[in-house]
Amino acid sequence: MASEGKESKPDSQPAATQFTCKDLAASATHQPTDKKLFENLSGAGKVIGVLTSGGDAQGMNAAVRAVVRMGIYVGAKMYFVYEGYQGMVDGGNNIVEVTWECVSSILQVGGTVIGSARCQAFRTREGRLQAAYNLIQKGITNLCVIGGDGSLTGANLFREEWSGLLEELAKAGKIEKEAVKKYAYLNIVGMVGSIDNDFCGTDMTIGTDSALHRIIEVVDAIMTTAQSHQRTFVLEVMGRHCGYLALVSALACGADWVFIPEYPPEEGWEKLLCTKLLENRANKKRLNIIIVAEGAIDIHNKPITSEKVKDLVVKQLGYDTRVTILGHVQRGGTPSAFDRILASRMGVDAVLALLEATADTPACVVSLSGNQSVRLPLMECVHMTQEVQKAMDNCQFAEAVKLRGRSFENNLNTYKLLSQKKPDSELPKSNFNVAIMNVGAPAAGMNAAVRSAVRMGISEGHKMFAVNNGFEGFSKGQIKEITWGGVGGWTGQGGSILGTKRTLPAKYLETIAEQMRIHNINALLVIGGFEGYQGCIQLAEARPQHQEFCIPICIVPTTISNNIPGTDITLGSDTGLNAIMETCDRIKQSASGTKRRVFIIETMGGYCGYLASMGGLAAGADVAYIFEEEFDIRELQANVEHLTEKMKTSIQRGLVLRNENCNENYTTDFIYQLYSEEGKGIFDCRKNVLGHMQQGGAPSPFDRNFGTKISAKAVLWLSEKLKESYRKGKVFANTDDSVCLLGMRTRKLIFQPVTELKSETDFEHRIPKEQWWLKLRPLMKILAKYKISYDVSDSGQLEHVPGCEIGQIETQTA
């Protein structure tokens, strides 16, 4: 949403840009009839300050941009506080009123353009007294603070002292007594910006996903050189008190060993590490990757450094070993699509929280739970975060892992299961054969999911079979056993190593059933797109004719289009979004020297507008045309007029995204020609069809991690179903709940029978009938300064940090 037009009063905007219910036509069915609309919330008379504090993190600028634009949109007066709390204490030119255009072109910039600084003065009452005085001079009584737990704790203390500070200022004659009543209370809303993901109460902090991108880029590059020379690499990543970055990057790249503060290695780890490295070399593995969090410790709370690990490997094994310390590389670079969307959502919700705040409203944090934005009491989150450190200080490491939350615990358990194969003598013997296949278009993350499934299946005692080239390959007998080592190094590879096709099984049912008999297949895992979902429905419906299909079947939804019912997010869509965002960034950059230019970009997705909508939100588009929301020539004309007004400002460029099948008549060429003609003399146009580049490339860290965890969970479910359906030496499963799709719904992963999902599916257009992300569509237009309705019914309720989770809301996806 780089939409960046000059602010215009509602009555001066072109009539066609006064968007009505038509803008939400497709999503209207998903919203309650008594929905609460944000346009009923006015920011008139509100003065809001935004600051970034503590360590910088990619995505902070996206949050600043969203806060400023949303604030201006609702009529509030917005101020930057430069240099964090230091700027608040110093005052003067550090507290500056800002306009809509002030936050243009910062969405894609890493770090924070308004600066961040450690401030000792703010830790004293004298410093806070001066800060209060400086805010009063500008009339600021609402603060949006983007930072870590220290920054947010400081903000809460400031809020609690506020009335006392004002009385002290009045007593000293620095402010009028009337000002004490006028500015009686201070409202605080926080957003957590930290690459470490060390704050309880949110699944992901702003900057974490981008930091993982930097780490994985380095790991992928190192792996190529390490393979060439049979080297061992020790990588040190950030995480002084939290091992999230180290753990997830180890999971995403299939590292041989990871050291994190929450889970120190057991006594004698030196020998175990060397034994594992020796085994890997004996199995012809040419490289070894060891990841060390900077705060890694042993069970006696003594540091384990990257140099110590290197010296151990060199001394004991004589391997050529190198150390790479990533350092501040992890904080740098452009924010990922995930962080831009997360920060934009949180920024908008932070302003809504400030609009609704009263004198009795506690300081809150806008957090992420699953795919939902929630508000939690700030100090509850801070308290739970501090409990983690206390547990580690007391060497209660199992408790520390639990305190980190369900997601962290799942990551750790999955890594332990997949990183090292147990000796054959220790493996259970299930005597079950499980087949794995890819179906549909290729998508990043497929190979990570296959690797995870194979290794989890072997750990469960199953014999694992790989099916090449989808259902067509299945019918031809392209099936072979696959081993633990056979999937080594798969996590970072894009596409489908097994091979995948869109062919449905209907015309191959007889031969597929025969191959199942020949190979004695007892369970099937399908990792694929809409065709995989349809194919499993066909297998389920063919059970009366072919008893071979009476086995447990699970689908892991995998497609960049995110068009499969039963899940809010599909494996591969994050990588596709990043490809779109990166291309749009380059395209916008190319226009920096050429003013008054509008780019028309066509994205993939079939009839599903997810990529166009979320890509537009991440790239800063002015508008995104999708199939789910009908549009006509009047709307196209209104968008041209909107861009015409925008060209009168200092922001003289535009970005328009179009989903490939949004309208059969309003094609990309038509829209390009219309914009070119109508904008003649005002702006010129360029078009770009992104095509299959959206399906290619290395998987993003999110997709590697998500694929690894969701596939492992699917195999565990298959194992349970195999045990349930095993009778008299044979597997027989013909109930509806034995053919399920595993998807993420709101806050958790759930298995849903495909027969139930049929009613939720628009098979003609290959999309779900209801799609959660349509509720986010108005955000892009709000930040592009279109007048539009926005349902905020889900916002406004202050939740509490669940005690059972000790500070972290349940999720499976972080």
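Leaving aside neighbours within four places in sequence, G492 is in contact with A698, P699 and R704. Contact here means heavy atoms within 4.5 Å. This is a predicted model, in which local features need pLDDT of at least 70, side-chain atom pairs count only at pLDDT 80 or more, and totals for chains, interfaces and linings use all residues. Residues are numbered from 1 along each chain as its sequence is written, and side-chain values use heavy atoms, with hydrogens and water left out.

Take the pair G492 and R704. They are 212 residues apart in sequence, yet 7.3 Å apart in space, C-alpha to C-alpha. G492 sits in the loop between β14 (479–481) and β15 (500–501). Helices (H or I, at least four residues) and strands (E, at least two) are DSSP runs, numbered from the N terminus. G492 counts as partly exposed, because its relative accessibility is 23%. Buried means under 20% relative accessible area, exposed means over 50%, and partly exposed lies in between (1.4 Å probe, protein chains only).

Helix α8 covers residues 269–282, 14 residues in total. From first C-alpha to last it reaches 20 Å, close to the 20 Å expected at 1.5 Å a residue. The expected span is 1.5 Å times one less than the number of residues.

Which residues of α8 are buried? They are W269, L273, C274, K276, L277, N280 and R281. These residues cover an arc of only 160° around the axis, so they lie on the same side of α8. The arc is that of the directions from the helix axis to the C-beta atoms. The buried residues pack against β6 (232–237), β7 (257–259), β8 (288–293), α9 (306–317) and α13 (406–419). The face turned away from the buried side carries the exposed residues K271 and A282.

Helix α17 (residues 530–541) has 12 residues. Its reach is 17 Å from first C-alpha to last, close to the 16 Å expected at 1.5 Å a residue. This helix is mostly covered, with 11 of its 12 residues buried. Among them are F530, Y533, I537 and L539.

F530 also turns up among the contacts of I767. I767 is found in strand β27 (residues 767–768). At 5% relative accessibility, I767 counts as buried. Leaving aside neighbours within four places in sequence, I767 is in contact with F530, N563, Y607, C608, F627, E628, T761 and D762. E426 is another matter: I767 and E426 are 341 residues apart in sequence and 45 Å apart in space, C-alpha to C-alpha.

## Cysteines without partners

How many disulfides does the structure hold? It holds zero. A disulfide is a covalent bond between the sulfur atoms of two cysteines. Here it is taken as a pair of cysteine sulfur atoms within 2.5 Å.

For C253, the nearest cysteine sulfur, that of C242, is 17 Å away. C253 counts as buried, at 5% relative accessibility. The sulfur of C554 is 7.0 Å from the closest cysteine sulfur, in C740, which is too far for a bond. C554 is buried too, at 0% relative accessibility.

A search of the whole structure finds six cavities of 30 Å³ or more. On a 1 Å grid over the protein atoms alone, a cavity is a set of points where a 1.4 Å probe fits but cannot get out; a pocket is an open set with protein on both sides within 12 Å along at least five of seven lines; lining residues have an atom within 4 Å of a point. Grid points are joined across faces, edges and corners, and a volume is the space filled by probe spheres set on the points.

The largest cavity holds about 340 Å³ of space. It is lined by 21 residues, and F338, N371, I569, Y610 and W772 lie nearest its centre. α10 gives the most to this lining, with five residues.

The largest pocket holds about 1100 Å³. Of its 42 lining residues, R118, G148, D149, G150 and S151 are closest to the centre. α4 (149–171), β6 and α11 (378–393) each supply at least two residues of this lining. α4 gives the most, with six.

## Positive phi

Most residues other than glycine have a negative phi. N301 has a positive phi, near 70°. N301 lies in the loop between β8 and α9, and it is partly exposed at 30% relative accessibility. K785 has a phi near 65°. K785 lies in the segment after α24 (777–782) and is buried, with a relative accessible area of 5%.
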